[in-house]
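Trainee: I am new to this structure. Please take one part of it and look at it closely, then show how it sits with the rest.

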Amino acid sequence: MNIVVCVKQVPDTATERRLRPGEGTLDRATPDGLINELDEYAIEEGLRIAEAHEGEVTILSMGPAKAAESIRKALSMGADKAIHVVDDGLAGSDALATSYAIAQVLEETGFDLVITGSESTDARMGVLAAMLAERLGVPQLTLASKVDIDGTRITVRRVSDEGFDEVEASLPAVVSVMEKINEPRYPSFKGIMAAKKKPVRTLSLADAGIDADQVGLAASATEVVDFAARPPRQAGVIVKDEGDGGTKAAAFLTERKFI
Amino acid sequence: MINYQLAPEQEELRQTVAAFARDVVAPVIGGFYEREEFPYEIVARMGKLGLFGLPFPEEYGGMGGDYFALCVALEELARVDSSVAVTLEAAVSLGAMPIYRFGSEEQRRRWLPDLCAGERLAGFGLTEPGGGSDIPGGMRTTARLVKEDGKGEWVVNGTKAFITNSGTSITSLVTVLAITGEKGEEKEISSIVIPNGTGGFIIGQRYSKVGWCASDTRELSFTDCRVPEGNLLGERGRGYAQFLHILDEGRVAIAALATGLAQGCVDECLRYATEREAFGKRLEQHQAIQFKIADMAARAHVARLTWYDAAARLLAGQPVKKEAAIAKLVASNAAMDNARDATQIFGGYGFMNEFPVGRFYRDAKVLEIGEGTSEVQRLLIARQLGLRP
């Protein structure tokens, strides 16, 4: 089974993140780039499915040269090979443009199953899996908290507001997985050493057959009109308990529609 | 020129172990420490991560790394907790390493794969109630070779003290140093592998220790304990030379562990100093605190450089006796000094077991004692400098 896991390098959520003035795009020059945490669940799920169904896992990542570190880590965890789409022309691509570029690559490589994290921790759009499925003309099974594969049947538990739905489709398909669907493994030292020898294909726009006019900041359908720093946090409200603390706390929460 | 940068794969290993220590060890280890309980599940996960096989070749189930990689892992574990770090250190550098270094091909294939996987642990029985560094003078344990019907057996009698990893439910064997004869005036010392469960091999109760409370340390006694002649490790009479070699390496590992503790003190204080307020200011705004933490960071840095240097020499096959002793001396001092300063910065909370710095304080002391006291390190350094008694 040919499994492709989409991986994005994002700035460490523990560090301060900035938007670039003018473009309103994320400044990706921060020193600490990490694998999007939610993609780690996608990698782990891909590896588990590959182990159970004799599959091969390819990591597909679009991002600047620095993203190679995250690709290497995904390979250390056990993926077999990787494709890195890197081109200055991609900078500033929104979700729609990104889905076009990734779909182009997937059309070329072929796939039985594409797995993504449910969203990235930087832009948090959470739409890529759906867009990919639409562009590729295959079923989308998003927000999965459990994935089962039997031959070409794929069944997932799709998390909903009320609980979960059982959703079934036939492969090839695109799945996005939720946090805590599994426990991502740590790369072993053997995995780290082996990753150095695993093939990583680097593709430019031209290599991947991606139309330069459909990607990048200029081709993006969304535009950041304005942004401002979050105002400093206000001091909290101290409610003095004069025997009616519970009532006051409840009123506070009700007013803000928490309860 | 000298370059103290870790290679990319070492750096990736460091980050992986750091994440493991933070996510898997840190949240639960305090409870194990308090209950003086061996953390089997954490050890199993360290095994899955491949830590126990780090310096061994893949053909024996190892990770194909080296001693430097092991030390990188030890430092990162000890930044969070020393009990799990010393469990790894003793299992690899004292338990499995003698079998790899001195064992026959058959012995390696028999015992190493389980040890490399972390599914089994091995101990190393050198110290006795009557002496540790005073070997062979203080050694009493004997092994007598008896032959019956052409079949040889070692009959071991004696007691070993402070043996790490010797009494866990996954301990498979202990390599014991014993007197196997006399060559003129001198005792002949050899290493003999004693599998767990051998008749006459009695594992004592766990010690009640000041620190390293989530690690397993016991007294072992042997009463007419019989093992096959083939359990001799390496050449007969080479036990003394073997353990000198093992301890030179082990000192580098302990230095890395001590560096981790020293750095862990810095980490904890950096966090606390920005959160805690006193006299209307954050702790970090008090220069007395700043200077203390600066000194702590300097000690951890120097300690790290000494073990990097010793480990690099070890890997290059260069003489390392002096540098290993210096690394152990410097790093254990740094650990002790930093633990004292860190608990001081934490004030009353530093005296509470539930705070990591309290554990660091209790764990630091043994670093000046185990695998050769600081005095023994000074002795070794002095001898390497050519000073004679």
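Mentor: What follows starts with the sheet of chain A and then turns to chain B.

This is a predicted model, in which local features need pLDDT of at least 70, side-chain atom pairs count only at pLDDT 80 or more, and totals for chains, interfaces and linings use all residues; side-chain values use heavy atoms, with hydrogens and water left out. Residues are numbered from 1 along each chain as its sequence is written, while chains are lettered from A and ligands numbered from 1 in the order in which they are written.

Chain A has seven helices and eleven strands (DSSP runs numbered from the N terminus: helices are H or I of at least four residues, strands are E of at least two). Its C-alpha atoms fill a box of roughly 70 × 45 × 40 Å along the principal axes. Of its 259 residues, 41% count as buried (buried means under 20% relative accessible area, exposed means over 50%, and partly exposed is in between, with a 1.4 Å probe and protein chains only). Taking contacts in chain A between residues at least 6 apart in sequence, 72% join residues at least 24 apart (a contact means heavy atoms within 4.5 Å).

Now the sheet. Nine strands of chain A make an open sheet with mixed pairing, in the order β9-β8-β7-β10-β6-β1-β4-β5-β11 (two strands pair if DSSP finds at least two bridges between them). The edges are β9 (164-170) and β11 (200-203) of chain A; each has a single partner strand, so one side of each has no neighbour in the sheet. From one strand to the next, the twist averages 30° (axes are lines fitted to C-alpha atoms, for helices over the stretch in contact, and angles run from 0 to 180 degrees between N-to-C directions).

One pairing in this sheet joins β6 (residues 113-117) and β10 (residues 173-177) of chain A, which run parallel and share five bridges. In that pairing, A:Leu113 is opposite A:Ala173 of β10(A). Helices also rest on the sheet. Helix α2 (residues 68-77) of chain A lies across β4 (56-62), β5 (81-85) and β11 of chain A, at about 165° to β5(A). Helix α4 (residues 128-136) of chain A packs on the sheet as well, touching β1 (2-6), β6, β7 (140-150) and β10 of chain A, and its direction makes about 70° with that of β7(A).

The loop between β9 and β10 of chain A contains A:Pro172. The peptide bond from A:Leu171 to A:Pro172 is cis, with omega near 0°.

Strand β8 (residues 153-159) of chain A contains A:Arg158. A:Arg158 counts as partly exposed because its relative accessibility is 29%. Apart from neighbours within four places in sequence, A:Arg158 is in contact with A:Thr142, A:Leu143, A:Gly163, A:Phe164, A:Asp165 and A:Val167. A:Ser145 is 13 residues from A:Arg158 along the chain, yet their C-alpha atoms are separated by 6.3 Å.

Next come the nonpolar cores. In soluble globular proteins, nonpolar side chains tend to be buried together. The largest nonpolar core has 109 residues, and those with the most contacts inside it are B:Met46, B:Leu51, B:Leu77, B:Leu88 and B:Trp307 (a nonpolar core is a set of buried Ala, Val, Leu, Ile, Met, Phe, Trp, Tyr and Cys residues joined through side-chain atoms within 4.5 Å). Helix α6 (residues 239-275) of chain B gives the largest share of this core, 17 residues. A second, separate core of 34 residues includes A:Tyr41, A:Ile59, A:Met77 and A:Ala173.

In chain B, helix α3 (residues 67-80) has 13 of its 14 residues buried. Its end C-alpha atoms are 21 Å apart, which agrees with the 20 Å that its 14 residues should span at 1.5 Å a residue (the expected span is 1.5 Å times one less than the number of residues).

Two residues lie in the loop between α9 (356-364) and α10 (374-384) of chain B: B:Glu368 and B:Glu371. B:Glu368 counts as buried because its relative accessibility is 16%. B:Glu371 is buried too, with a relative accessible area of 15%, and has a positive phi of about 50° although it is not a glycine.
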